[in-house]
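Reader: Hi! Could you walk me through this structure in plain words?
Author: Happy to. Here it is.

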Amino acid sequence: KMTISRGGETIELAVKRKMVETPAVEAQILESGIALITIYNFNERCAQESIAAVEDLIGQGADALIFDVRGNPGGYKDEMVQILDYLLPEGDLFRSVDYRGKETVDTSDANCVQLPMAVLINGNTYSAAEFFAAALREYDAAVIIGEQTVGKGYFQTTYSLSDGSAVALSIGKYYTPKGVNLSEVGGLTPDVLLEMEDETAAALYYSALPREEDPHIRAAIEKLT
């Protein structure tokens, strides 16, 4: 129960506590049967929502896919791998090597989505989002459009300290299917490099840029058609 003071009056409300869940994915059909799937992060439920969105869009008649990971800060490696496994054919998807030399390789089965694809990236595309785009390109499954990424190719662990603070230490490196560490190559370079003007980039950041005025989406549609 919550007691609230409003305008000099005291009100008591009964509130049910529960987890607040925000969507990780948004999807829609654009022109010419091309579908746009915006992945906001690779946190919990991202793979489930992304795969469900793609299957629904294909059911609606989509014959090409655009994945928008601009502004995506990354998230859980396992969520990214599940989506790549769904999209890509059999083979390596992702590698991680810790500083002791222990290597972990995630692989895909033979099932895949056989549609033309594009991925949109920008300077705020980080970590798992970068490796997602890189894997699709290395399998020749997608063209990458947008701006150069920073290249976050390390993974961390966090240690809690006795005073309540914490320190995060890098303990290993991530690699693309072909063995590229994005930190060592200065990030991911798009196939179609298309810088946004500051005003347009600000509108995108604040979700105020209409789809039809988005230069990256227009370039992706042009490539896919």
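Author: Let's begin with D106, which is buried, with a relative accessible area of 14%. Buried means under 20% relative accessible area, exposed over 50%, and partly exposed in between, using a 1.4 Å probe and protein chains only. Please note that this is a predicted model, where local features need pLDDT of at least 70, side-chain atom pairs count only at pLDDT 80 or more, and totals for chains, interfaces and linings use all residues. Residues are numbered from 1 along each chain as its sequence is written, and side-chain values use heavy atoms, with hydrogens and water left out.

Reader: Thanks! Which residue does D106 form a salt bridge with?
Author: The partner is K77, and the closest N and O atoms are 3.2 Å apart. D106 lies in strand β7 and K77 in helix α2 (residues 77-87), so the pair ties together parts that are 29 residues apart in sequence. A salt bridge here is a side-chain nitrogen of Lys or Arg within 4 Å of a carboxyl oxygen of Asp or Glu. Helices (H or I, at least four residues) and strands (E, at least two) are DSSP runs, numbered from the N terminus.

Reader: Why can side chains pair like that?
Author: Side chains of opposite charge can pair when their charged atoms come close.

Reader: And how many salt bridges are there in the whole structure?
Author: A search finds 10. One of them joins the side chains of R70 and D68, at 2.8 Å from N to O. R70 counts as buried at 11% relative accessibility, and D68 counts as buried at 4%.

Reader: What about K173, which side chain does it meet in a salt bridge?
Author: That would be E184, again 2.8 Å from N to O. K173 sits in strand β11 and E184 in the loop between β11 and β12 (192-193), so this pair links distant parts of the chain, 11 residues apart. E184 is partly exposed, with a relative accessible area of 48%.

Reader: Changing topic: how much space lies in the largest pocket?
Author: About 570 Å³. It has 24 lining residues, and the closest to its centre are R70, G71, L204, Y205 and S207. Helix α4 gives the largest share of the lining, 5 residues.

Reader: What counts as a pocket?
Author: On a 1 Å grid over the protein atoms alone, a pocket is an open set of points where a 1.4 Å probe fits, with protein on both sides within 12 Å along at least five of seven lines; lining residues have an atom within 4 Å of a point.

Reader: Got it. Which residues line the second largest pocket?
Author: M19, V20, E21, T22, A24, N41, N43, E44 and R45 do. Its volume is about 180 Å³. E21 and R45 turn up again in a network of salt bridges, linked together with E49.

Reader: Last topic, the surface! Which residues form the nonpolar patch?
Author: Y99, Y159, L161, V167, L169 and I171, with about 540 Å² of accessible area together. Strand β11 (residues 166-175) gives the most to the patch, with 3 residues, while Y99 is in the loop between β6 (91-98) and β7 (103-108). Patch residues have over 30% relative accessible area and no salt bridge, and nonpolar side chains (Val, Leu, Ile, Met, Phe, Trp, Tyr) are joined within 5 Å, like charges within 9 Å. Accessible areas come from the Shrake-Rupley method with a 1.4 Å probe.

Definitions and conventions: Points joined across faces, edges and corners; volume = space filled by probe spheres on them.
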